[in-house]
Amino acid sequence: MIDSTNEKPCLIKTEQGFSIQYKSKFLYSKYNPSKNILTILQNLQVLPGTIILCFSPALNYGLQELLKKIEENCIVIAVEADKNLYEFEEQNVFTDSLKNNPLMTFVSPEKLFALPELISSINKGQFRRCIRIDFSGGTQFYQDLYSKLFQACQNSVAQFWKNRITLVKFGRRYCANIFRNLKLFCSSNNIVKTNKPIIVIGAGESALETLLSIKNKKSRFFILAVDAILQTMKSLNIRPDAVICEEAQDIIIRAFTGCSDFYDYLFVSASTNPNVTKLTPDKNIFYTTKFCESDFLSEMIKNQLLTNVIPPLGSVGLSAVETALKIRQDENVPVYITGMDFSYSIGQTHAKGSFHEKNRRFNNNRLIGVESFGSSFNDDAKKIIGKNNNPIITTTTLNNYSQLFSYRYSGTKNLFDVGKSGINLNISAKEIAECDNTNENFTITSQRKKSDKQIEEFILQEKNALLRLKDIFTGKIVLNEDSRKEEIIKLLKKREYLFLHFPDGYQLNLSQDFLNRIRVQIDFFLKILK
């Protein structure tokens, strides 16, 4: 944070201790400075698995008392947004005993915005909630900032458990698909780069109007479309340069019905359903969605078996935007987006002719109508006003995606929204007519990935490791108890794909029940690797 004044915090002696005067305000009571924070801590109940954010601990009141109260799996993070106050705290608050306490962490103003990521990186399942305590009046100088930071930290903790739900449901499928797709990596393209203006087409309702607007000038754009809008584009005879798909489930293959050769490049996540990656192997460009923090994924990325890494954004639309920003030659190349509505009108959730709309028509009967009224009136649906001042419907999940979009891409150079409807994404809006660049001196370059023996070696290595694990579990390899445990831990530590989809699979344990479940998974993955 930048302090706009030259004023420094001043220590003021009172009848019952010290207070601080700063920016013409007292940060503690002039009569009994420690009373307020000590009363708060006295009444505070700290549950196990809690991250405690201590905002602006301007003096050493309450920190030691708090550390004595915390339960199992708790940490205390002292946070200061004001540069002058932080320098003051370094001299008066951050004593050696606090600095050396493993349960205590201090965050400077320069590292403030990295705090949510720090929480994500240290959370291995031991933290379940995040609370805040305002230690001094220093928080009043940055009230909005502290509120947003607290919300972001809460979201980081909650996101871990949301990811766990996803991994329990799909984790094994993601890992299995990676291994099934490995052999296709060699025949795929490595990356594509273009200095052509890029237009990203999502599957929202606003996409159709944009598509009709560019139909006669499509050659002036590099068109990157999400999988669900491909059939709409085929019906309009607008051939995209590239399509992106990261769906792991079997149903997504229907989005490519009649369109399997209607593109030049196919961006696919390493965990995409193999039925899609086998459609046009020579057009594939694999990227890696790092869907969990694990040694086996990190090792594959480190050894460049998995490349083009992007964060787990949860939405193929967000992944499309991320990809577009990666493939443009430089940040001067404009990227236009449409169909990223994260909302819909009553009865209509996607653009006409899209995969989802056609699928709904296919399943239409007397009980299930063509219009999707259920999604407009369920408990999670809520009505808001969109960017064109018309009422639209959104849900918690869709709204979270829009907020993630705003957080991640707001302020990105030459990123524009040309969609006419949907949630305001906090990026510059443009009319599609303004994007009409008649300059045709554009290039698109791609690089073919060469045959890689590393993949064969990796598959053989995993197969041998799984066979050894199996032999240990079945008693073919006899070891004493200590050696057996040591060998199992060594083999499992870099093979979390065997258990990350267990409800308790966020950390390895050697209980017999846990190992029995792993034994079943070994055969499943051996069949894939053969």
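**Entry 1**

I note at the outset that the model is predicted. A second pair links the strands, for I found isoleucine 133 of β7 as the bridge partner of cysteine 54.

I then turned to the pairing of β4 with β5. These strands run parallel and are joined by five bridges. Here I recorded leucine 53 opposite isoleucine 77 in β5.

Is β4 enclosed or open to the outside? I found six of its six residues buried, so β4 is largely enclosed by the rest of the structure. I checked the faces separately, and both are covered. Thr50, Ile52 and Cys54 are buried on one side, and Ile51, Leu53 and Phe55 are buried on the other.

**Entry 1: the sheet around β4**

I traced the strand order as β6-β5-β4-β7, an open sheet of four strands with parallel pairing. Its edge strands are β6 (104-107) and β7 (129-134), each of which pairs on one side only. I noted that neighbouring strands are turned against each other by 20° on average, direction ignored.

I also looked for a helix over this sheet. Helix α6 lies across β4, β5 (75-79) and β7, and runs at about 160° to β7.

I looked up serine 56, which sits in the loop between β4 and α2. Most residues other than glycine have a negative phi. Serine 56, although not a glycine, has a positive phi of about 50°. At 0% relative accessibility, I count serine 56 as buried.

I next examined asparagine 73, in the loop between α2 (63-69) and β5. Which residues does asparagine 73 touch, not counting those up to four places away in sequence? I found Pro48, Gly49, Thr50, Gln126 and Phe127. Its relative accessibility is 41%, so I count asparagine 73 as partly exposed.

With a relative accessibility of 21%, asparagine 414 counts as partly exposed; the buried class ends under 20%.

**Entry 2: helix α6 against helix α17**

Two packed helices are described by the angle between their axes and the distance between the axes. For helix α6 (residues 143-181) and helix α17 (residues 512-529), I read an angle of about 25° and axes 9 Å apart. That angle makes α6 roughly parallel to α17, since angles under 35 degrees count as such. The crossing of α6 past α17 is right-handed.

I listed the residues that make this contact. From α6 they are Arg172, Cys175, Ala176, Phe179 and Arg180. From α17 they are Gln521, Phe524, Phe525, Ile528 and Leu529. By class I recorded seven nonpolar, one polar and two charged residues.

**Entry 3: helix α15 against helix α16**

How do α15 and α16 run, roughly parallel or roughly antiparallel? The axes of helix α15 (residues 453-474) and helix α16 (residues 481-493) cross at roughly 150° and come within 10 Å. That makes α15 roughly antiparallel to α16, because the class covers angles over 145 degrees. I noted a left-handed crossing for α15 and α16.

In this contact, Ala465, Arg468, Leu469, Ile472 and Phe473 of α15 meet Arg484, Glu487, Ile488, Leu491 and Leu492 of α16. I sorted these residues into seven nonpolar, no polar and three charged.

**Entry 4: the protein as a whole**

The protein has 17 helices and 20 strands. Its C-alpha trace spans about 80 × 70 × 55 Å along the principal axes. Of the 530 residues, 50% are buried. I also looked up contacts between residues at least 6 apart in sequence, and 68% of these join residues at least 24 apart.

Technical notes: Residues numbered from 1 in each chain as written. Predicted model: local features only at pLDDT ≥ 70, side-chain atom pairs only at ≥ 80, totals over all residues. Heavy atoms only, no water. Axes fitted to C-alpha atoms, helices over the stretch in contact; angles between N-to-C directions. Helix = DSSP H or I, 4+ residues; strand = E, 2+ residues; numbered from the N terminus. Parallel < 35°, antiparallel > 145°, perpendicular 65-115°, else oblique. Left-handed = near helix turned anticlockwise from the far one by under 90°. Contact = heavy atoms within 4.5 Å. Nonpolar A, V, L, I, M, F, W, Y, C, P; charged D, E, K, R; others polar. Pairing = 2+ DSSP bridges. Buried < 20%, exposed > 50% of the residue type's maximum accessible area, 1.4 Å probe, protein only.
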